[in-house]
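Please keep the structure open beside you as you read.

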Amino acid sequence: MAFTEKEIDNYKQSFPLLEEIMDLEPTVWLNPDLKEAQVTPELPLTKEDMIEAEKLWIRFAPFLKKALPKLNHTNGIIESPLKNISKMKEVLEANYHSKINGNLYLKCDNELPVAGSIKARGGFYEVLHYAESLAIDAGLINREENYEAFQIESFKEFFQQYSIGVGSTGNLGLSIGIMSAKLGFNVSVYMSRDAKQWKKDLLREKGAKVFEFDGDFSVAIDTGRKQTLADPKGYFVDDESSKHLFLGYSTAAFELEEQLKKQDIKVDKDNPLFVYLPCGVGGSPGGITFGLKQLFGDNVHCFFVEPTHSPSVLIGLLTGKMNKVSVQDFGIDNLTAADGLAVGRPSSFATSISKHLISGIYTMEDDELYKLLALLYDYEDINVEPSATAGIIGPQRISKTNYTAQALENATHIAWSTGGALVPEVDMKQFYEKGKQILETKNI
Ligand SMILES: *Cc1c(COP(=O)(O)O)cnc(C)c1O
């Protein structure tokens, strides 16, 4: 329920930026709580947890390679390319009349196979982690054995007695649904009725049950949680508070570190790394930021990006109320075309960590997402979904602030591209045409 006028006035007085946020203006917020690595308070997770998470991925690689032909060429490792997008950089500089210091790269999670989005990292990880703990507890396997065994029929039969549930507007449902069904779990995805039809169809085709709900998405989540937990062998993947999703995302930092090394890209005080991450509940950008901070400390600067209509993590952090407030409380409608970013309330677990680690958050309009989508296709031949373009404008948005490290000539900027591979061609064409139209009429 929305706050009263008086409550809102009080908030605005304490946090003047709320005025702009409530007017749906694109805005940039620099995090006053960002601490240097040395004085960061103790967090609920450590680098050790991340290393353990990485080992789980490696244990499951033989299974993933066998079970999912699309992971064959990477030997069962979930990974995406890091691409230099220098043509896009030039176009951005010309169109936005502002120079980008350093190089611009795209981390192409839009290409992640099987799930088609960044959710392959968090979602798959959580399901695999759960499957492993069940199998070990039941004495079916130990950590030293070959996990190809998860393919065999007796494992599938074992998992059939367990159910997994998840509430999702789309992409998380796909990753949880596909991996759970593959292992043999009884999986249910609770979605809002207006979620994309192709996502529901794909899930059913893969063997997941899909339940649809009218009205606010929170109804789907609440019902999903209740129904799943009513089963004593039910497990609910909770995007609003999951530690496992978070850890699954965090290991992307090892992958990026390796890629930077291979491409001879230095990261140190004089060569800072900037990473711009599209943000929904804050789990994927939070997990990746946590991972990068463990590896690069103060030399990495992470910014989240949210749609002007769904600034949930921004409001949570700005007011310090975290998941206790929603965008709707402030009269913001949470309506955006950016799948995965249409989130009214942040993850409590992720946001409590991000509070100390992120450099800031900026917001942007849907039209700009479409515009960048069209440019990215025209100049780099890369197809992504609208949400995935949000980071590309990061360097120019931050350059207008007084954030110090951004002035360095030899910065490396990485826009994290978060989804797109599974989007049907007709939908992708519509996104592109919409972007072209905006480019022509709005004259950036
Ligand atoms: C889920 C998602 C995000 C954001 O991840 P959160 O964990 O919700 O913050 C960004 N882009 C896409 C395409 C997504 O599906």
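Let's begin at the surface: Asp194 is exposed, with a relative accessible area of 69%. Here buried means under 20% relative accessible area, exposed over 50%, and partly exposed in between (1.4 Å probe, protein chains only). You will find Asp194 in the loop between β5 and α8 (197-205). Its C-alpha atom is separated by 34 Å from that of Ile85, and the two residues are 109 residues apart along the chain. Helices (H or I, at least four residues) and strands (E, at least two) are DSSP runs, numbered from the N terminus.

A word on the model itself: it is predicted, so local features need pLDDT of at least 70 and side-chain atom pairs count only at pLDDT 80 or more, while totals for chains, interfaces and linings use all residues. Residues are numbered from 1 along each chain as its sequence is written, and side-chain values use heavy atoms, with hydrogens and water left out.

**Around the ligand**

The ligand is surrounded by 15 residues, and the closest are Lys119, Asn171, Gly280, Ser284 and Thr418. Helix α12 (residues 283-296) gives the most to the shell, with three residues.

Which atoms face the oxygen atoms of the ligand? For Ser284, a polar backbone atom is 2.7 Å from a ligand oxygen. The protein covers 99% of the 380 Å² of accessible area that the ligand has on its own, with areas from the Shrake-Rupley method and a 1.4 Å probe.

**Aromatic rings**

Rings of Phe, Tyr and Trp (its six-membered ring) pair if their centres lie within 6.5 Å; planes under 30 degrees apart count as stacked, over 60 as edge-to-face and the rest as tilted. By this rule the count comes to 27 aromatic pairs. Two of them are set out here.

| Pair | Centre distance | Plane angle | Class |
|---|---|---|---|
| Tyr147 and Phe150 | 5.0 Å | 55 degrees | tilted |
| Tyr190 and Phe213 | 6.1 Å | 35 degrees | tilted |

The second pair links distant parts of the chain: Tyr190 belongs to strand β5 (residues 186-192) and Phe213 to strand β6 (residues 209-213), 23 residues apart. Tyr190 counts as buried at 3% relative accessibility, and Phe213 is buried at 17%. Tyr147 has a relative accessible area of 0% and is buried; Phe150 is buried with 0% as well.

Ring pairs also build a cluster, with Tyr147, Phe150, Tyr162 and Tyr235 among its members. Over the ring of Tyr162 sits the charged end of Lys233, 5.3 Å from the ring centre. For this, NZ of Lys or CZ of Arg must be within 6 Å of the ring centre and within 35 degrees of the ring normal.

**Backbone notes**

Asn75 is not a glycine, yet has a positive phi of about 60 degrees. Asn75 lies in the loop between α3 (47-67) and β2 (82-84) and is partly exposed at 46% relative accessibility. Met322, not a glycine either, has a positive phi of about 45 degrees. Met322 counts as buried at 14% relative accessibility.

Note on methods: Near = heavy atom within 4 Å. Polar contact = N/O pair within 3.5 Å; in protein donor to acceptor, adjacent residues only side chain to side chain.
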